[in-house]
Amino acid sequence: MRLRFRAPDGSVGNQEVARRPPSQALAALGRPKPVEELRPGIWYVDLDRVEAADLAGAMPRLAEAKGVVFDVRGYPNVAPDTFLSHLSDKPLTSARWNVPVILEPDRQGWTWDSRGRWNLRPRKPRIRGRVVFLVGGGAISYAESCLGIVEAYRLADLVGEPTAGTNGNVNPFRLPGGYQVSWTGMQVLKHDGTPHHGVGIHPTVPISPTPRGLAAGRDEVLAKGLDVAEAGR
């Protein structure tokens, strides 16, 4: 892959690099530890890298924190009840996941199977400080299922950029020649009945990385999230 780039000093160059599959490790370069207190009373949790046991062990400290920043700019590594159930005293339900039941041709007579929704019960301890979720275009599928609950119940501030806007199970189909085609096999509707596909979860506090910040190695989205969490309720 041939890249043309502009360096921090304004000079322009060319570079040829090998293409490799996306990597969570690459996306996490420069980020803090999976669980870390980054400012006095303000904790950071990278849901893409944290292990369930480590998150459970940190939960008493998170519950007493002034603010907690959950990073979900990728694909969470833990179950939804390990963090979402600590954000509310009431049960939480996921978005509407509708699987088509097709018994007739030509898109006639469709019905929908909607039995797959999550129902999350509250868990103790309750996180009572200000909660922030970092979001972006790398958040897709399961990440959006979690963030849809945050959005619908207004559980936290959403800092960053819109998510991918693609959720639901897929239907794969293999073609001669080794090609594989996949398409969305589920209709995903937000809690209010509006479409999720092509829309995603939008931030309540929009901010995007800048070339200057990237060149300096600064995570501007994280910095803004910490500022919002530190501001308190």
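The briefing below goes from the whole chain to its strands, backbone, surface and salt bridges.

This is a predicted model, in which local features need pLDDT of at least 70 and side-chain atom pairs count only at pLDDT 80 or more, while totals for chains, interfaces and linings use all residues. Residues are numbered from 1 along each chain as its sequence is written, and side-chain values use heavy atoms, with hydrogens and water left out. The secondary structure of the protein chain comes to five helices and 15 strands, where helices (H or I, at least four residues) and strands (E, at least two) are DSSP runs numbered from the N terminus.

**The chain as a whole**

- Along its principal axes, the C-alpha trace of the protein chain spans about 60 × 55 × 30 Å.
- Of the 233 residues in the protein chain, 39% are buried; buried means under 20% relative accessible area, exposed means over 50%, and partly exposed lies in between, with a 1.4 Å probe and protein chains only.
- The protein chain exposes about 13,600 Å², of which carbon and sulfur atoms supply 53%; accessible areas come from the Shrake-Rupley method with a 1.4 Å probe, and for residues only the protein chains shown count as cover.
- Among contacts (heavy atoms within 4.5 Å) between residues at least 6 apart in sequence, 66% join residues at least 24 apart.

**Strands and sheets**

- Strands of a sheet pair through backbone hydrogen bonds, either parallel or antiparallel; here, two strands are said to pair if DSSP finds at least two bridges between them.
- Three strands form an open, antiparallel sheet in the order β8-β7-β14. Because β8 (111-113) and β14 (187-189) stand at the edges with a single partner strand each, one side of each is left without a neighbour in the sheet.
- Neighbouring strands of this sheet are turned by 40 degrees against each other on average, direction ignored, where axes are lines fitted to C-alpha atoms (for helices over the stretch in contact) and angles run from 0 to 180 degrees between N-to-C directions.
- Strand β7 (residues 96-101) pairs with β14 in the antiparallel sense over three bridges, and W97 has V188 in β14 as its bridge partner.
- Strands β1 (residues 2-6) and β2 (residues 12-16) run antiparallel and are joined by five bridges. Their hairpin has five residues between the strands, and G10 there takes a positive phi near 95 degrees.

**Backbone details**

- Most residues other than glycine have a negative phi, and most peptide bonds are trans.
- D106, in the loop between β7 and β8, is not a glycine but has a positive phi of about 60 degrees; D106 is exposed, with a relative accessible area of 67%.
- S141, in the loop between β10 and α3 (142-153), also has a positive phi, near 60 degrees, and is partly exposed at a relative accessible area of 23%.

**Surface and interior**

- F173, L175, Y179, V181 and W183 form a nonpolar surface patch with about 520 Å² of accessible area together. Patches are made of residues with over 30% relative accessible area and no salt bridge, with like charges joined within 9 Å and nonpolar side chains (Val, Leu, Ile, Met, Phe, Trp, Tyr) within 5 Å.
- F173 has its place in strand β12 (residues 170-174) and counts as partly exposed at 46% relative accessibility.
- In helix α5 (residues 220-230), the buried residues include V221, L222, L226 and V228.

**Salt bridges**

- A search of the whole structure finds 14 salt bridges, each being a side-chain nitrogen of Lys or Arg within 4 Å of a carboxyl oxygen of Asp or Glu.
- R2 forms a salt bridge with E16, their closest N and O atoms being 3.4 Å apart.
- R73 and D71, by contrast, are both buried, and the closest N and O atoms of their salt bridge are 2.7 Å apart.
- R123 forms a salt bridge with D81, with the closest N and O atoms 3.3 Å apart. R123 lies in the loop between β9 and β10 and D81 in the loop between β5 (67-71) and β6 (92-93), so the pair ties together parts that are 42 residues apart in sequence.
- Salt bridges that share partners join R31, D46, D48, R49, D71, R73 and D219 into one network.
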